[in-house]
Amino acid sequence: MDKFTTLTGIAAPMPLVNIDTDMIIPKQFLKTIKRTGLGVNLFDEMRYTQDGQEIPDFVLNQPAYRKAQILVAGDNFGCGSSREHAPWALLDFGIRCVISTSFADIFFNNCFKNGILPVVLPEAAVQHLMDDARKGENARITVDLESQTVTASDGTTFSFEVDPFKKHCLLNGLDDIGLTLEKASAIDSFEAKNATLRPWA
Amino acid sequence: MSAPRTLYDKIWDDHVVHTSDDGTCLLYIDRHLVHEVTSPQAFEGLRMTGRKVRAPEKTIAVPDHNVPTTAGRDKKIDNEESRIQVEALDRNAKEFGINYYPVSDIRQGIVHIIGPEQGWTLPGMTIVCGDSHTATHGAFGALAHGIGTSEVEHVLATQTLIQKKSKNMKVEITGSLRPGVTAKDITLSVIGATGTAGGTGYVIEYCGQAIRELSMEGRMTVCNMAIEGGARAGLIAPDEKTFDYVKGRPHAPKGAKWEAALAYWKTLFTDEGAHFDKVVTIRGEDIAPVVTWGTSPEDVLPITAEVPDPASFTGGKVGAAQRSLDYMGLTPGMKLTDIKIDAVFIGSCTNGRIEDLRAAAAILKGKKLAPGVRGMVVPGSGLVRLQAEEEGLAQIFTDAGFEWRLAGCSMCLGMNPDQLAPGERCAATSNRNFEGRMGRGGRTHLMSPVMAAAAAITGHLTDVREIMDAAQHA
């Protein structure tokens with residue numbers, strides 16, 4: 001997993017609430033057995049017509065946002081299925097940070113496993129950044145994980161909360177399976193105890 | 001004496017392997033369910049790092065998401081990408097030595113249906129799967145939730161998950177349900193009341209008389225859609241119905257182990273005075289047969305209502321509701337019962353169990369699909385299908401003009417050939433009405449099996465109570 005430290009980039013505004021994982025990556029693209037290559041199909045049904053033509057109005061098709069690295073989105077982003085293809089598609093497109101007032105639980109966790117930082121901010125802050133994002137290339141937003149801040153193009157800075165363990169893994173690009181395997185002896189003793197307490201399990 | 005605990009607290013406490021200073025826990029996982037769509041990258045990850053599956057005997061795999069539901073699929077799956085995924089699961093199950101129900105096995109079916117059916121799902125367990133509807137297993141008083149593929153790999157390698165504890169939420173349904181109202185109406189009504197993010201950060205315990213009165217199948221329907229309300233998991237304390245359901249299943253404990261398990265399971269309830277961070281109470285008598293009108297599972301209304309005006313909402317929901325109505329091709333103020341349908345889908349991990357098929361068949365018996373309406377019944381497992389055939393339900397469906405399919409997720413997520421065409425409108429017993437969910441441009445109205453059956457007969461969304469009344473007076 002790539003580290004996430006600081007990021008300064010263009011943010012694409014997506015004010016729609018309840019953007020679900022079926023919108024982020026429709027089911028026909030879940031048939032892959034790889035993690036890569038999904039960026040071209042990110043938001044596929046909002047981004048392309050049935051015959052594959054780009055829909056010019058869609059934000060990521062507009063010249064200013066074709067290289068966006070940040071999304072500023074409406075409430076409850078990533079609701080729906082557990083498909084990790086959603087963060088894979090975002091990452092493959094080049095999105096490393098999503099800012100919203102709230103995220104669905106599984107999507108939120110999946111982001112951290114893939115070097116994407118989901119930032120939760122209050123509504124007024126998200127609105128400020130949404131307005132900033134609407135300026136396209138004229139606005140750059142900076143996200144700093146170490147200091148837990150997002151800075152708008154006018155210098156306004158917003159602080160956000162992040163789980164310390166998730167922050168540590170993201171800052172250092174750590175593989176958490178490796179970290180857990182360091183606790184193998186604790187798992188061994190749990191299993192030994194469990195074999196007596198709950199032998200049916 | 002220790003502080004009173006919720007059911008969730010108890011299951012959590014019994015599975016903590018390690019707690020870090022910041023409160024991050026390593027949680028032991030009792031059962032890991034695996035399907036073909038969210039697992040190939042996880043197995044590949046194991047291969048690349050030379051890791052093994054830590055507890056293959058606790059890992060159960062089945063292809064369900066993209067398998068066709070038509071005959072001959074055990075010989076050949078036409079869609080190449082689907083075939084590759086199913087073949088990958090075949091290979092991974094064999095290579096890593098995990099329990100496996102291939103497509104040719106009569107026990108194959110939707111992962112959340114066969115887990116309970118085969119007795120893998122037991123009270124008090126932690127159960128995960130790379131699928132958001134894993135919450136289904138919470139009906140047994142298990143802590144069950146969906147995970148992403150990276151976490152699938154983590155569980156395969158370590159049999160644990162890194163977790164922070166969620167908050168406790170209680171959803172109480174008091175009293176009894178009225179005739180024509182089902183578990184599906186409960187779960188949709190709760191989401192309608194709390195919103196799709198109302199449960200975010202919580203594990204929900206469903207309780208109250210109406211929940212107690214539900215069968216295990218009904219309880220699975222309720223818990224199945226906890227995720228649609230944003231909750232990590234939904235669960236229901238086990239009782240005699242639970243134990244009766246579990247007893248004798250192939251992987252349920254037997255003999256002395258059964259007795260020991262039963263004694264433990266009987267401790268799985270929320271203690272008097274335990275703290276809930278959020279409480280929602282709904283009177284069972286107030287719940288009507290409901291349908292969804294929009295493209296979010298929170299867009300729920302009683303069948304007697306009218307399509308809402310987007311202006312009646314606030315904040316971001318105004319725009320979202322307008323977008324939903326445009327997508328759904330509906331205008332504010334039209335009666336929900338005037339919405340004509342093109343298709344009916346009965347199945348899914350929400351409503352693909354034998355009781356669901358019985359309920360739908362009871363409405364459809366001796367009736368026909370309305371002209372021009374396509375109907376499809378997809379049993380949740382091969383064994384449900386077999387039982388439905390033995391009970392004569394399959395005959396009722398086929399006499400009514402429905403297609404009688406093989407088990408799988410099918411049209412619920414439209415990964416296999418079972419899809420809606422653009423603009424087609426479906427009365428569905430599944431769990432998501434998202435844009436494009438059942439096929440690009442397809443329009444989904446979620447409802448119970450009896451409501452779907454009623455719509456099948458009339459060709460438009462219908463209050464099943466009218467059909468029940470007519471049958472009574474006939």
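In this predicted model, 35 residue pairs are in polar contact between chain A and chain B, both residues of each pair at pLDDT 80 or more. The contact involves 56 residues of chain A and 73 residues of chain B.

**The side of chain A that touches chain B**

- Seven helices of chain A each give two or more residues to this side: α1 (21-24), α2 (44-47), α3 (85-93), α4 (105-112), α6 (164-172), α7 (176-181) and α8 (184-197).
- The largest share comes from α8(A), with seven residues.
- Sorted by class, this side of chain A has 22 nonpolar, 15 polar and 19 charged residues.

**Buried area**

- Chain A and chain B bury about 5400 Å² between them.
- Carbon and sulfur atoms account for 56% of that area.
- Three residues stand out on chain A: A:K27, A:K31 and A:W200.
- Together they supply 16% of the area that chain A buries against chain B, more than any other three residues.

**Salt bridges**

- Over all chains, the structure has 36 salt bridges.
- Nine salt bridges cross the interface of chain A and chain B.
- One pairing between the chains is B:R232 with A:D105, whose closest N and O atoms are 2.7 Å apart.
- Within chain A, the side chains of A:D22 and A:R83 form a salt bridge at 3.4 Å, N to O.
- A:D22 sits in helix α1 of chain A, and A:R83 in the loop between β3 (70-73) and α3 of chain A, so this pair ties together parts that are 61 residues apart in sequence.

**The largest pocket**

- The largest pocket has a volume of about 1400 Å³.
- Its lining is made of 48 residues.
- Nearest the centre of this pocket lie A:F108, A:N109, A:F112, A:K113 and A:K166.
- The largest share of the pocket lining is five residues, and it comes from α2(B).
- By class, the pocket lining has 17 nonpolar, 13 polar and 18 charged residues.

**The largest cavity**

- The structure holds five cavities of 30 Å³ or more.
- The largest cavity has a volume of about 210 Å³.
- It is lined by 23 residues, and B:H65, B:D131, B:H133, B:L413 and B:R437 are the closest to its centre.
- The lining of the largest cavity divides into eight nonpolar, ten polar and five charged residues.

**The second largest cavity**

- The second largest cavity holds about 120 Å³ of space.
- Of its 13 lining residues, those closest to the centre are A:V17, A:M23, B:T295, B:A320 and B:S324.
- Helix α11 (residues 316-328) of chain B gives the most to this lining, with four residues.
- The lining of the second largest cavity has four nonpolar, four polar and five charged residues.

Methods:
Residues are numbered from 1 along each chain as its sequence is written. Chains are lettered from A and ligands numbered from 1 in the order in which they are written. This is a predicted model: local features need pLDDT of at least 70, side-chain atom pairs count only at pLDDT 80 or more; totals for chains, interfaces and linings use all residues. Side-chain values use heavy atoms; hydrogens and water are left out. Contact means heavy atoms within 4.5 Å. Buried area is the accessible area (1.4 Å probe) that two parts lose on being put together, summed over both. A salt bridge is a side-chain nitrogen of Lys or Arg within 4 Å of a carboxyl oxygen of Asp or Glu. A polar contact is a pair of N or O atoms within 3.5 Å; within protein, one must be able to donate a hydrogen and the other to accept it, and residues adjacent in sequence count only if both atoms are side-chain atoms. Ala, Val, Leu, Ile, Met, Phe, Trp, Tyr, Cys and Pro count as nonpolar, Asp, Glu, Lys and Arg as charged, and the others, Gly among them, as polar. On a 1 Å grid over the protein atoms alone, a cavity is a set of points where a 1.4 Å probe fits but cannot get out, and a pocket is an open set with protein on both sides within 12 Å along at least five of seven lines; lining residues have an atom within 4 Å of a point. Grid points are joined across faces, edges and corners, and a volume is the space filled by probe spheres set on the points.
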